[in-house]
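Subject: Structure for you to look at

Hi,

Here is the structure I promised you. Please open it beside this email and follow along.

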Amino acid sequence: MTQSNPKIEVKELTILFGATPALNGVSFDVRHQEILAVIGPANSGKSSLLLALNRMLSRIHEASVTGSILLDGRDIGNIEDVEDLRRRVGMVYAMPIALPMTIRENVLFGIRLKRTIRKNEGDTIVESTLRSSFLWDEVKDRLDTSALNLSGGQQQRLCLARTLAVGPEVILYDEPCSGLDPISTAKVEEAMKELKTAHTQILVTNNTKQAARVGDRTAFLLMGELVEIDDTDKIFTFPSDPRTEQYVTGKFG
Amino acid sequence: MRIAPRTTQAIAKGLLLTATASAVGALVFVVGFVLAGGLRHVSWSFLTEPILDMGRAGGIFPAIVGTLLMVLVSVGIAAPLGIASAIYLAEYTREGRLTQTIRFGINCLAGVPSIIFGLFGFILFVNILGLGWSVLSGGLSLAAMILPTVIRTAEEALRSVPTSYRDVAASLGATRWQVVTKSVLPYAIPGILTGVILGIGRSIEETAVVIFTAGSAVQTPTSVFDSARTMAVHFYILAREGISNENAYATAAVLICTILIINTTAYTLMHRLMRGRRAA
Amino acid sequence: MDKLVSRLLLLAACSSAAILALIALFIFKEGVPIMARSGLGAFLLGRDWSPLQGQFGILPFIIGSLCITLGALLIGVPLGVACAVYLAEFSSPRWVNILKPAIELLAGIPSVVYGFLGVMWLAPLIRIRLGGPGLSILAASCVLAIMTLPTIVSISIDALQAVPKSYKQGSLALGATEWQTVWRVLFPAARAGILAGVILGMGRAIGETMAVIMISGNSTAIPHSALDSVRTLTANIAIEMGYATGEHRQALFATGVILFFFIMILNGAALRFARRKF
C-alpha cells in the first residue's frame, strides 16, 4: 500500500437536492488511516458529503451529484457493484439504529447479506467487533437478548460493531455522539482512535471539541463551501480563514 | 332564553349516548338474533353431511368445501399479486405519474360493487375463457375483488417500517431486494397478514360474485373446475326460496362464527403489530 | 437479478391496476351497444322495463337505488357520526378500544344475513304497524343503514382522532365546554374525513345487492311512498342475469355500466375529500 496516494480524493463535488445546492464544488483528499473531522454549522452540507461517499445519495431521488470521488484512485461513480462499495465504505448514523433482533444477529446482519457463516466463525466476528467498539464487556453475557434493551450509547457502539463486521476500509460517522452521554461518547472516541490502525475514518460532528479531541485533520464547511482543511492543531490555533476562527471559538454556529 | 352551555352539553351527551347505544345495540341484535336462532341447529352431522333435498335436510358439507376451495383460489392469486404490487408501490418506486395511475386504479377497484365483479367474472371467465360455472371462475373473480384490500393494507404495513431500517441495510451492502426481504418485510408481515385475512373474510361473505361465476351446485366439488356453492350462497338460496328456515339459521350461525373468528384473528395481529412498533 | 425483481414487481402492480380497465372494458363492450341503439335518454329515463317487449327503461331502478341509498344515509349518518363523536370524545379510551374493533368486526357479517334478518323481523313489523307490503324502501333503508354503520363509525372516529390535540386543549383553555369544543372545533376540523366516510358508506349502499334483493320487494314500478316496494340497479342485474339472453342480457350489462359510473363519481368525490386536510 503506497501511503503517498490519498485514500479518497474528492474533486469539485457538487450536490443538489432538486434546485437547492447542499455542497458547492468541494475538493479535498482523505489520507490513509487518518481521522478527518468535518465541522460546520447546520445545513453546511456535512451529512450530504458523507452520503455521497458511499453513494447512499443515489437512494434519494431528488439528489444529483456532479464532480468525482476517487477511492484508491478509482471513481466510485463508475463502480458497478454499489453494494460492494458500501461494504468498503461503512456508515454510522446519528441516531443509534439497533434492528429489532438480538445483539448477535445485529452484528452479523451485514455479513449474512453476502454469505452464510458458520457458528464459530460468527462467534469470532461478534467478539472481535464488539471488542473493537468497546461494547464486549457490557454485553458478552447477553448476546442473544434483544438489542432494543440496550441503552442509546450501547446501541450506537453496537451499530459501530455491525459496520465493522462487514470489513470496511473507510468508516463514515454522521454526528455519532449527538445523542449520547459523555461516558458513551468517550468510549466511541476511544474506539475510533484504536481503529486508526486499519481504517480511514471521516467524522462529521457538530461538536468542535470532539473534532479537536479525535481529528488528525479537520475540515470546516460553511454553506456548502469548504472554507479550510488542515491539521486539527492548526485549525484550532491558527486558522487561516477568519470565519474558521469565529466558528471554532464559538462566535457563531 | 339562552340555554346555559352546561345544559346544552348534558343534552348533547345524552343524545350521543342514545345514538351510540342504538347503533351498537342494532349490531349486537343482528349477531344475537342469528346465533340464538341458529346455533341450536348446528351439530357435527350438520357440518359433515351432504346437502339433501335442496337443503331441506342433510348438512352443509359441500358448502364448507366449496367455501374453502374458493377462498384458497382467490387468496392464492390475490395475496402474491397484491403483496408484490404493494412492495412495488412502497419500496421500488417514487411518486410519479405511473404510481398515481396505478394507485387511482386500485382505489377505484376498491369501490367497485361486487355485482360488477360478478358480471365481469361471468363474461370473462365463465363465457369467454370457457371455464364455465366453476370454483376457478369464482375464485378468480373474488381475487379481483379482494385485491385492493390486500394491496392497501400491505402498502400501509410496509410504509410503517422505519426508513432507518432500510438505510442501515443499504449501508451494510444490501441490494435493493435484500433491503426489502431482510429489513422491511419481517416487520411488515403482521400488517400484510391482516390484509390477507380481511380478504379471506370478504371472500367468505360474498354472495353476488359467487352466484354468477361459480353457480350453485349442491354436490361437493372435487376439483376447481367443478361448480360449487359457498356457505353464503347456500344460505341465500335457503332463505330467499324459503326452503328451510331452520337450516338457514344454522348456516348463518356457522357463517357468522367463521367470520368473527377470522376477523378477530386479523385484529389481534394488527394489535400486536402496533404494540411491537411502540416497543421499538 | 435485482432488475428482474424490479420488473416483476412493476408487472404485478400494473396488472393489479389493469383489472379495473379490464372490468370497464368487458362491461362496456357488452352494455354500450344497446344503450346506443335505444338511445341513452330512452334507456336512462324510460319508465318501462319489460324485456319481453324489448322495452328497456331503467328510470324506476335509478329512482329505487337513490331512494334506498338516501334513506339509508338519513338513518345511518346521524347515528353513525353521533356514535363516532361519543366514542372518540366522550367515552373512556377503554370503551373505544373494545367497541371500535367490535363495530368493525360487524362489517364482516355477510350482507345476506342482514337481508335475512330484514325479511324475518323488520318487514313483518313494517307491514303490521305501517301498512304496505313490508318489503319496501323503508325496510331496505333501515337494513342498509345498519350495514353502512361500521364504515361510517370507523372512518369518522379516525378522522376525529386525527385532529391535533392542541386544537382541543386550546379551545378548552378558552373556557369552552367539552361539547362546545366538539361542535365548534373538532367537528369542523374533522369534516373532510367524516364526509369521506359517509361517501364510502354511500358507495357501499348503492353497490349492495343481495340484501337489497331480499328486502326491497323488487317491483319494477316507480315508487310513490317509502312503504312501496322498489327494485335497485344492482337488484335488477342480479335477479334477471340468471335467465337473460340477447338484448335483455345486454340491457343488464348496460345497467352495470350506469352503476359503474355512479360508483366512480362517488369514489372520485370520496378520494378528493379524504385528501383534503381540514
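Contact here means that heavy atoms lie within 4.5 Å. Keep that in mind for the chain pairs below. One caution before we start: this is a predicted model.

**Which chains touch**

Two pairs of chains are in contact, and chains B and C share the most contacts. Chains A and C do not touch. Their nearest C-alpha atoms are 12 Å apart.

**Chains B and C**

How many residues does each chain give to this contact? Chain B gives 73 and chain C gives 68. About 6,500 Å² is buried between chain B and chain C. Carbon and sulfur atoms give 82% of that area. On the chain B side, B:Leu16, B:Leu27 and B:Leu119 lose the most area to chain C. Together they make up 10% of what that side buries.

Now look at one pair of helices. Two packed helices are described by the angle between their axes and the distance between the axes. The crossing of H5(B) and H10(C) is left-handed.

Which residues meet there? From H5(B) come B:Ile115, B:Leu119 and B:Phe122. From H10(C) come C:Thr234, C:Ile237, C:Ala238 and C:Met241. By class, this contact of H5(B) with H10(C) has six nonpolar residues, one polar residue and no charged ones.

H10(C) is mostly covered, with eight of its nine residues buried. Among the buried ones are C:Leu233, C:Asn236 and C:Glu240. C:Thr234, C:Ile237, C:Ala238 and C:Met241 are buried too.

**Chains A and B**

This contact takes 21 residues from chain A and 20 residues from chain B. The two chains bury about 1,800 Å² between them. Of that, 66% is on carbon and sulfur atoms. On the chain A side, look for A:Arg59, A:His61 and A:Leu113. They supply 29% of the area that chain A buries against chain B, more than any other three residues.

**Cysteines**

A disulfide is a covalent bond between the sulfur atoms of two cysteines. How many disulfides are there over all chains? The count comes to zero. The cut-off used is 2.5 Å between the two sulfur atoms.

Two cysteines show why. The closest cysteine sulfur to that of A:Cys159 is in A:Cys177, 12 Å away, so it is too far for a bond. A:Cys159 is buried, with a relative accessible area of 5%. For C:Cys83, the closest cysteine sulfur is in C:Cys142, 17 Å away, so that one is too far as well. C:Cys83 is also buried, and its relative accessible area is 0%.

**Two backbone angles to check**

A:Phe134 is not a glycine, yet it has a positive phi of about 60°. Where does A:Phe134 lie? You will find it in the loop between helix H4 (119-132) and helix H5 (136-139) of chain A. Is A:Phe134 buried or partly exposed? A:Phe134 is partly exposed, with a relative accessible area of 31%.

The other one is B:Asp53, a residue other than glycine whose phi is positive, near 55°. B:Asp53 is found in the loop between strand E1 (51-52) and strand E2 (57-58) of chain B.

Best wishes

Technical notes: Residues are numbered from 1 along each chain as its sequence is written. Chains are lettered from A and ligands numbered from 1 in the order in which they are written. This is a predicted model: local features need pLDDT of at least 70, side-chain atom pairs count only at pLDDT 80 or more; totals for chains, interfaces and linings use all residues. Side-chain values use heavy atoms; hydrogens and water are left out. Buried means under 20% relative accessible area, exposed over 50%, partly exposed in between (1.4 Å probe, protein chains only). A crossing is left-handed if the near helix is turned anticlockwise from the far one by less than a right angle, and right-handed if clockwise. Helices (H or I, at least four residues) and strands (E, at least two) are DSSP runs, numbered from the N terminus. Ala, Val, Leu, Ile, Met, Phe, Trp, Tyr, Cys and Pro count as nonpolar, Asp, Glu, Lys and Arg as charged, and the others, Gly among them, as polar. Buried area is the accessible area (1.4 Å probe) that two parts lose on being put together, summed over both.
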